[in-house]
Each structure stands twice: as structure tokens, then as C-alpha cells.
Amino acid sequence: MSYEKVEQAKKTIIGTKQTVKAIKSGVVKEVVIAKDVEEKLIEPVIGEAAKHGIQVSYVDSREKLGLACGIQVGASVVAITV
């Protein structure tokens with residue numbers, strides 16, 4: 001289901017650092033995280049999302065998440081923006 005949300009989103013931000021910046025700036029409405037990523041890589045995103053009350057969804061594969069974003073490589077974290 002979250003793959004479809006990412007595919008249908010008008011604007012997304014891909015990547016951990018960019019997602020954290022976007023959350024801090026207040027433009028993120030939902031974050032999608034791949035389950036096959038090391039916990040230490042996504043901890044900053046989960047922490048910021050919790051601080052700002054942003055919904056976090058999980059998907060199984062970073063490869064499929066990357067494809068849903070329209071890129072040829074895997075994506076660990078994707079932010080759906082306002």
C-alpha cells in the first residue's frame with residue numbers, strides 16, 4: 001500500500017539526511033521507511049518524525065521503494081511532502 005502512496009505522491013524527498021531536514025522545516029506529512037535498512041541509518045528519521053508527530057509507514061524492500069520513486073537504485077527513506 002505504501003508503495004502506491006509513494007508512486008501517487010506529487011512531491012517526495014528521497015534519503016535520510018534530506019528527510020530529516022524536510023521534517024525540521026515542516027513540509028513532510030508522511031515518511032516511508034524500508035524494513036531492510038540498518039536501524040542506525042534510520043534512527044534520526046524516526047526520532048524527528050516522532051518529535052513532530054509525523055506518521056511513519058514501513059515497506060519490505062528498499063529496491064521496490066526506489067522503483068516506486070522512479071529511481072534506479074534502492075531508497076531507504078522517502079518523505080511525502082505537503
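**Entry 1: the core.** Which residues of the largest nonpolar core touch the most other members? I found Val6, Ile23, Val28, Val31, Val45 and Leu65, out of 24 residues in that core. I take a nonpolar core to be a set of buried Ala, Val, Leu, Ile, Met, Phe, Trp, Tyr and Cys residues joined through side-chain atoms within 4.5 Å. Buried means under 20% relative accessible area, exposed over 50%, and partly exposed in between, with a 1.4 Å probe and protein chains only.

β2 gives the most, with five residues. The labels follow DSSP runs numbered from the N terminus: helices are H or I with at least four residues, strands are E with at least two. A reminder to myself: in soluble globular proteins, nonpolar side chains tend to be buried together.

**Entry 2: ground rules.** This is a predicted model, where local features need pLDDT of at least 70 and side-chain atom pairs count only at pLDDT 80 or more, while totals for chains, interfaces and linings use all residues. Residues are numbered from 1 along each chain as its sequence is written, and side-chain values use heavy atoms, with hydrogens and water left out.

**Entry 3: α2 against α3.** I looked up how these two helices pack. Their axes come within 9 Å and cross at roughly 15°. Axes here are lines fitted to C-alpha atoms, for helices over the stretch in contact, and angles run from 0 to 180 degrees between N-to-C directions. α2 and α3 are therefore roughly parallel to each other; the cut-offs are under 35 degrees for roughly parallel, over 145 for roughly antiparallel, 65 to 115 for roughly perpendicular, and oblique for the rest.

Who makes the contact? From α2 I noted Thr16, Thr19, Val20, Ile23 and Lys24, and from α3 Leu41, Pro44, Val45, Glu48, Ala49 and His52. Contact means heavy atoms within 4.5 Å.

Not counting residues up to four places away in sequence, Val45 touches Thr16, Thr19, Val20, Ile23, Val31, Ile33 and Val77.

Lys21 also sits in helix α2. Is Lys21 buried or exposed? Lys21 is exposed, with a relative accessible area of 61%. Its C-alpha atom lies 9.3 Å from that of Glu48, 27 residues apart along the chain.

Entry 4: Ile42 belongs to helix α3 and is buried at a relative accessible area of 3%. Beyond its neighbours within four places in sequence, Ile42 is in contact with Ile33, Val37 and Val77.

Leu65, in helix α4, counts as buried at 0% relative accessibility. What does Leu65 contact, leaving aside neighbours within four places in sequence? I listed Tyr3, Val6, Val32, Ala34, Val59, Ala75, Ser76 and Val78.

Ser57 is found in strand β3 (residues 55–59) and is buried too, with a relative accessible area of 9%. With neighbours within four places in sequence set aside, Ser57 is in contact with Ser2, Glu30, Val31, Val32 and Ile33. The C-alpha atoms of Ser57 and Glu7 are separated by 14 Å, at 50 residues apart along the chain.
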